[in-house]
Amino acid sequence: MLCRWIVLLSCSFLYAYHQKEDLSIEASIARFQAQAPVVLSDGNLAQKSPPEQSSKEAPGVTVYKKYCHTCHGNGIAGAPKVGNQLQWQERYDQGWPLIMQRALQGYKGMPAKGHCVKCTEQDIKDAIVYMMKESGINAQH
Ligand code: HEC
């Protein structure tokens, strides 16, 4: 009988301990996620942007990584490639109304909203500004 209690007790300790551990793992994952993009952009943007900008993730990065990167990261199907200033400059020179119309409604190989159905107009614009910035264009919006 005593034996069983000891087992039960140690089990509940272990469980409590685990729960505590889980929490701190979650916390450290959250901390890691918060820091990871900084590490990434530090590498990419070291020369392009001042340090205070790379310490916080720019708006549009999340949408870009999830929805736009597949095509625009590699220039698939004629998509203006992130990092290619000339390709993005041509688009930027068209002016925002046309850029936004094509991005929101789709144009040739560009799917409407880049398949991000839940994205707002602002989300899409932020992602575009981010892609342009990464290509050396300081897009005014
Ligand atoms: C399936 C591939 C694909 C995905 C995903 C995609 N794009 Fe595109 N995008 C293209 C292609 C291809 C073009 C070039 C179309 C053309 O001009 O022929 C393009 C063009 C554009 C242009 C230029 C439009 C113009 O004015 O000429 C913008 C801005 C753009 N995409 C934004 C985005 C954003 C923002 C996302 C993510 C939310 C995204 N795209 C996701 C393929 C893609």
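Contacts between residues 24 or more positions apart make up 56% of the contacts in the protein with a separation of 6 or more, a contact being a pair of residues whose C-beta atoms, placed from the backbone, lie within 7 Å. The model is a predicted one, in which local features need pLDDT of at least 70 and side-chain atom pairs count only at pLDDT 80 or more, whereas totals for chains, interfaces and linings use all residues. Residues are numbered from 1 along each chain as its sequence is written.

The protein contains six helices and zero strands, in the order α-α-α-α-α-α from the N terminus. Helices (H or I, at least four residues) and strands (E, at least two) are DSSP runs, numbered from the N terminus. Of the 141 residues, 18% count as buried; a residue is buried if 20 or more other C-beta atoms lie within 10 Å of its own, exposed if 12 or fewer, and partly exposed in between, with C-beta atoms placed from the backbone.

Helix α3 (residues 61-72) packs on helix α6 (residues 121-134) at an angle of about 65°, and their axes are 9 Å apart. Axes are lines fitted to C-alpha atoms, for helices over the stretch in contact, and angles run from 0 to 180 degrees between N-to-C directions. The two helices α3 and α6 are therefore roughly perpendicular to each other (angles under 35 degrees count as roughly parallel, over 145 as roughly antiparallel, 65 to 115 as roughly perpendicular and the rest as oblique). On the α3 side, Val61, Val63, Tyr64, Cys68 and His72 meet Asp123, Asp126, Ala127, Tyr130 and Met131 of α6. Seven residues of this contact are nonpolar, one is polar and two are charged (Ala, Val, Leu, Ile, Met, Phe, Trp, Tyr, Cys and Pro count as nonpolar, Asp, Glu, Lys and Arg as charged, and the others, Gly among them, as polar).

The largest nonpolar core has 15 residues, of which Val63, Tyr64, Cys68, Ala127, Ile128 and Met131 touch the most other members. Such a core is a set of buried Ala, Val, Leu, Ile, Met, Phe, Trp, Tyr and Cys residues joined through C-beta atoms within 7 Å. At least two residues of this core come from each of α3, α5 (96-105) and α6, and α6 supplies the largest share, six residues. Not counting residues up to four places away in sequence, Cys68 touches Val63, Gly114, Ala127 and Met131. The C-alpha atom of Cys68 is also separated by 8.6 Å from that of His115, 47 residues apart along the chain.

His115 belongs to the loop between α5 and α6 and is partly exposed, with 13 other C-beta atoms within 10 Å. In the loop between α5 and α6 lies Lys113, which has a positive phi of about 55° although it is not a glycine. Lys113 counts as buried, with 21 C-beta neighbours inside 10 Å.

A positive phi, near 55°, also occurs at Ala77, in the loop between α3 and α4. Ala77 is exposed, having 9 other C-beta atoms within 10 Å. Gly83 lies in the loop between α3 and α4 (85-93) and counts as partly exposed, with 15 C-beta neighbours inside 10 Å. Leaving aside neighbours within four places in sequence, Gly83 is in contact with Glu134 and Ser135. The C-alpha atoms of Gly83 and Gly136 are separated by 7.2 Å, at 53 residues apart along the chain.

Conventions. Two residues are in contact if their C-beta atoms, placed from the backbone, lie within 7 Å.
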